[in-house]
Amino acid sequence: MYTPSLILALFFAQILLFSAQPLTEEGRGSWQLLLKNVGISSMHAQLLSNDRVVIFDRTDFGASNLSLPQGKCLRDPTGKIKEDCTAHSIEYDVITNTFRPLMVQTDVWCSSGAVIPNGTLVQTGGDGKGERQIRMLSPCPTCDWEERPGLSARRWYATNHILPDGGQIIIGGQKQFNYEFYPKRTATETVFDLPFLAETSDPKIENNLYPYVFLQPDGNLFIFANNRAILFDYTKSRVVKTFPTIPGGDPRCYPSTGSAVMLPLNLDTESIEVEVLVCGGAPKGALKKAKRNNFVAALNTCARIKITDPDPQWVMETMPHPWVMPDMLLLPNGQVLLINGASAGTAGWEYGREPVLNPVLYRPSIPLGRRFTFQKPTSIPRMYHSTAILLRDGRVLVGGSNPHALYEFTGVLFPTELSLEAFSPWYLDPLFSYVRPSIQNLVSPTNLVRGQALKVPFGVPGKVDRTRVSVTILSPAFNTHSFSMNQRLLVLSGRNFRRGGNMTYEVEVTIPESGNVAPPGYYILYLVHRDIPSEGIWVHIQ
């Protein structure tokens, strides 16, 4: 007969047994359909610091499935659509799994954006009358879009990035081989030439839209377009370094859409090493062939480069399958999730085939050749114009897919998708609950000071491996067209570990001093134990 004390002893024995086992990612993960119909198709998405996600599609392709409240209508006597009383933007509440309609006033199709230090989403450009607009949405329960003109050039398929002073740089766009700042730095400022964008534009196809941009610890920008990259001093309009072309020379930017991330920056080292990973895309000529109903296999390679090396070179890796339009997300534990997209064709209306249903993990720190591992598949294809963003609880919000010029729900290969799903990566499997940490006694949001020594108290149900405890902070990204702008994961320095009582612990880390490393704004802070992250808390760095 089992006594209560024996049952308790067996329970802790099981925890100790599992604590000694390696944690495996292969074949794990789970999917949950959150909402079958949110009324619009998620083409652009951004998580705000109130745990709400701003989602929008476009205003020029007809009525959505969601009415605007209180009789509101968008009226444009000179536009393609004279009157539209439906929403083309929503705010999704992660906590309550509900949403409310928002009203955009000009076309946001293929636009860009970034969250400024006070938590407001500043969203720029688009198509038609929206191409020079600046829109703002603050994180409050009743806020709606505010909008005004303000861009110096048409920004359609551009990229935004937050700068160390909290402003934004807006780079490129269709036939825009230049950049500009928001807010303007002088009263007479307009645009600054960037010849690199002209050099990387393929005639009649481009393949350099939505360039991949990452702020570097030295203050320069890494800018990748088409199949090559530069290190750029935006303050002097000067190319600091030119990197080699990716071997093979195939394009990786829209419309031959791949994706890219800057791998986590480890601040617990004497000097910060910076690596960039570019994955997928479509081979040269894929768009022309797709227009003739010849959907060729996507690229099956990733290219990784350590840009801080004296002589940086691309190292090629083979993915489990060809992939075009993959979203690449940095996870709290430093792994990279590839999700959404297709195995054939290219980005653009009706040009993708063979949907990719299985997410794939990329583990940067293990040996070459063993870095990719499958997660469980979804049943919903997420093709052109789909999105994926990381939530504070570690899940990934997935939505969208509309490879059509209009809303099309029947009689097409891939219908317009209005649902939202949540993908839970392997680390959320209940099997690993015994090593999952929980942050204690820190309020969300917590205001942080540069250079501050931050004590992070936490608990773990099972045995703690103090050599595998770290604290990371992640900046939520603006996601569209398979690229997550401003995505950044920092592994904080320090890690001084102390044991408390009653299965509690504390680790002390240092907040980065440089705005080049951590631009001002909101981040999500995670405690990671044995690659299993806690639920995050919001922090704000001035």
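Let me start with Phe 222 and what surrounds it. Leaving aside neighbours within four places in sequence, Phe 222 is in contact (heavy atoms within 4.5 Å) with Tyr 212, Val 213, Phe 214, Gln 216, Ala 229, Ile 230, Leu 231, Phe 243, Val 276, Ile 307 and Trp 314.

This is a predicted model, in which local features need pLDDT of at least 70 and side-chain atom pairs count only at pLDDT 80 or more, while totals for chains, interfaces and linings use all residues. Residues are numbered from 1 along each chain as its sequence is written, and side-chain values use heavy atoms, without hydrogens and water.

Phe 222 is also among the residues with the most contacts inside the largest nonpolar core, which has 138 residues. Such a core is a set of buried Ala, Val, Leu, Ile, Met, Phe, Trp, Tyr and Cys residues joined through side-chain atoms within 4.5 Å; buried means under 20% relative accessible area, with a 1.4 Å probe and protein chains only. A second, separate core has 16 residues, including Ile 223 and Ile 230.

Now the sheet. Strands are DSSP runs of E, at least two residues, numbered from the N terminus. Four of them form an open antiparallel sheet in the order β16-β17-β18-β19. β16 (212–215) and β19 (238–242) each have a single partner strand, so one side of each is left without a neighbour in the sheet. Strands pair if DSSP finds at least two bridges between them; β18 (residues 228–233) and β19 have four. In one of them, Asp 233 has Arg 238 of β19 as its bridge partner.

Last, is Val 38 buried or exposed? Val 38 counts as buried, at 2% relative accessibility.

Conventions. Buried < 20%, exposed > 50% of the residue type's maximum accessible area, 1.4 Å probe, protein only.
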